[in-house]
Amino acid sequence: MTLRIDDVVLTYPDGDRTLTALDHVDLDVARGEFTAVVGPSGSGKSSLLAVAAMLLTPDSGRVTVAGHDVSGASPAARTRIRRDHVGVVFQQSNLLSSLTALEQLLVMAHISGASPRAAAVRARELLIAVDLADKEHKRPHQLSGGERQRVNIARALMNRPEVLLVDEPTSALDHERGIRIVSLLAGLTRENGLATVMVTHDLGTLPLVDRVLTMADARLSEDGRKTKADLLAAPMGAGE
Amino acid sequence: MFVALRDLRFAKGRFALMGAVVLLITLLVTMLSGLTAGLARENISAITELPADRVVFAASGDSAPSFSDSRVTDTMWREWQRVPGVSTAERLGITMGRVASGERGTGAAVFGVENVRDGEVVLSSGLAEELGGEPGGKHTTVRISGQDFTVSATAGAASYSHAPVAWISIGDWQRTAGQDAVATVITLRTSGDPDLAAADTRLGTVTVDRDDAPAAIGSFSSENGSLQLMRGFLFAISALVIGAFFTVWTIQRRGDVAVLKALGASTGYLLRDALAQAVVVLLLGAGIGGALGAGAGALAGDAVPFVLSAATTAVPVAVMILLGAAGAALAIRKITSVDPLTALGASR
Ligand SMILES: Nc1ncnc2c1ncn2[C@@H]1O[C@H](COP(=O)(O)OP(=O)(O)OP(=O)(O)O)[C@@H](O)[C@H]1O
Ligand SMILES: [Mg+2]
């Protein structure tokens, strides 16, 4: 498995008690598999992504990313594994305001010390893939929300990651643009053989994914318990 | 410097403002440095150019050696000549007086020395200029304290206590000064490592290195001290201003820094990037400020005492850059504590 989370427990300090955000969670994602995680607010979805991105170290359990067991890795080693094997697409596009669309991608190569020449070729390819070839010299404030999110996706793919983690990519977009972003992610996941985990509130995008998992009260539901059809039939939020 | 350079270009206005502050402070520091050195030269050059390595003062109780209080006796002088390791011990008399030539006259420091013949006077170039006289020219006779002297030479730009210098023989000095002492101080040339402390105790004198002797000129310590203090404050202010600027800037960048960390940039990479940015601003601001200061000094050199040298231009520029970088480094280290987790989720 390209991304494997085994029996992970994560707690946050909460006054004199602790708050359990992930309660014995297991997750396996294979190459080319597009997995969505849905669930009510505060159920622990972002926490799950943070653990997979090695931004948080769980209290117990194992995390394996692209073949590396990162449970006992040092912060520097985790940063390096994230840089080389994990792409992160943020909820808000979180682009750097002083950089053009092309430079948002080039900075990834600079961070990892890759050759600038090869990086420029790769960055232009990716901008074409997300249909932004004509916007490469635009800065974030000159781009629309959907365009920014596409730059964000292209940036996450710059260092050829095996794992792609996506947190609510469509929350700032209208439905139609949201659908376009998610189908772009689905295409990229298949073409590049990525293990993709996407957290979303937008149930309309679920027909585009391979697998839907539900997070509730810090627990991730087993595969198959809930199908896409179930979710669509009984939209979540009703019980929230 | 990938992000740093683009931030510089993107936030041009803010960085230009910061650079302008650095430029102005450096300009001020450079001009102050040149002026401090120029004023010091006018105050002490006749002492620092003495052909000697030590200056002997007559001790006066506990107080520090002082040219205005010191009077050495004949015995002191003779005994000092006999101290082992002292190759020459010469008398030097110093009084402030008035030197006149025809209608023109000016205040001057009158130095009695051993290598000028009785009845003759050597004028410093500043004094010759003020009197309008050249040796062998129109004004070959000058009056000092009611006595006539023949100008034998003009030598050097020496000055003492902001006055030009006239050198006469020590014998003539003793007569014009009307003092019972043989000289003000004794100047020594030494070889090896003579036991000066023992001789001082025995003879009731205080010996100091020639280059420390300017402190014994009344006005020098306070004048130089206050100028150096101003310079020090300017350096401290600039370090603080730069530190404050980069503190605010770093806080503004926290979001970007979190994103870069979440994307896999190491803390070391981000620190280097931010410090390089500060150094670029400092190099430009301090470099241009220093060049303008040197230019202004060169232009004003005739009107005010100003020394243009590496010590008064390159050194203050280098100190500005180093202190500014230190101030920026303190501010920038906050990058270390930015949590990449804040880049995730809706918190931005
Ligand atoms: N840094 C933190 N410190 C303390 N508690 C936290 C922290 N981050 C999250 N929590 C808590 O952990 C629980 C899970 O949070 P998480 O952000 O993972 O939820 P989520 O499913 O992503 O919610 P949303 O859909 O609103 O984004 C919540 O109860 C939240 O209050
Ligand atoms: Mg969340």
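Reader: How far does a polar side-chain atom of Lys45(A) lie from an oxygen atom of ligand 1?
Author: The model is a predicted one. In it, the Lys45(A) contact runs from a polar side-chain atom to a ligand oxygen.

Reader: How much of ligand 1 does the protein bury?
Author: Start with the ligand taken alone, which exposes 630 Å². Of that area, the protein buries 62%.

Reader: Which elements give two or more residues to the shell around ligand 1, and which gives the most?
Author: Two elements of chain A qualify: strand E2 (17–29) and helix H1 (45–52). One contributes three residues, the most to the shell. That element is H1(A).

Reader: How many residues surround ligand 1, and how do they divide?
Author: The shell holds 13 residues. The closest are Ser41(A), Gly42(A), Lys45(A), Ser46(A) and Ser47(A). By class, the shell has four nonpolar, seven polar and two charged residues.

Reader: At what distances from an oxygen atom of ligand 1 do the atoms of Ser41(A) and Gly42(A) lie?
Author: Ser41(A) uses a polar side-chain atom, 2.5 Å from a ligand oxygen. Gly42(A) uses a backbone N or O atom. The Gly42(A) distance is 2.8 Å.

Reader: Why is helix H3 of chain A largely enclosed by the rest of the structure?
Author: H3(A) spans residues 101–111. Buried means under 20% relative accessible area. The helix is largely enclosed because its buried residues number 10 of the 11.

Reader: What covers the buried residues of H3(A)?
Author: The buried set includes Glu103(A), Gln104(A), Leu106(A) and Met108(A). Cover from chain A includes helix H2 (75–85), helix H4 (116–129) and helix H5 (145–157). Chain B also takes part, with helices including H1 (2–10), H8 (254–262) and H9 (267–300).

Reader: Which residue just after H3(A) takes a positive phi?
Author: The phi is about 70°. The residue is Gly113(A).

Reader: Is Thr196(A) buried or exposed?
Author: Thr196(A) sits in strand E8 (residues 195–199) of chain A. Its contacts beyond four places in sequence include Val29(A), Phe34(A), Leu164(A) and Val166(A). Its relative accessibility is 0%, so Thr196(A) counts as buried.

Reader: How many salt bridges are there over all chains?
Author: One of the pairs is Asp53(B) with Arg54(B), its closest N and O atoms 3.6 Å apart. Here Asp53(B) is partly exposed, at 27% relative accessible area. Over all chains, the count comes to 22.

Reader: How many residues apart are Arg253(B) and Asp7(B)?
Author: The two form a salt bridge, with closest N and O atoms 3.5 Å apart. Arg253(B) lies in the loop between helix H7 (218–252) and H8 of chain B, while Asp7(B) lies in helix H1 of chain B. The pair thus links distant parts of the chain, and the separation is 246 residues.

Reader: What relative accessible areas do Arg253(B) and Asp7(B) have?
Author: Arg253(B) is buried, at 6%. Asp7(B) is buried too, and its value is 5%.

Methods: Residues numbered from 1 in each chain as written. Chains lettered and ligands numbered in written order. Predicted model: local features only at pLDDT ≥ 70, side-chain atom pairs only at ≥ 80, totals over all residues. Heavy atoms only, no water. Near = heavy atom within 4 Å. Polar contact = N/O pair within 3.5 Å; in protein donor to acceptor, adjacent residues only side chain to side chain. Areas by Shrake-Rupley, 256 points an atom, 1.4 Å probe, with all protein chains shown as cover. Helix = DSSP H or I, 4+ residues; strand = E, 2+ residues; numbered from the N terminus. Nonpolar A, V, L, I, M, F, W, Y, C, P; charged D, E, K, R; others polar. Buried < 20%, exposed > 50% of the residue type's maximum accessible area, 1.4 Å probe, protein only. Contact = heavy atoms within 4.5 Å. Salt bridge = Lys/Arg side-chain N within 4 Å of Asp/Glu carboxyl O.
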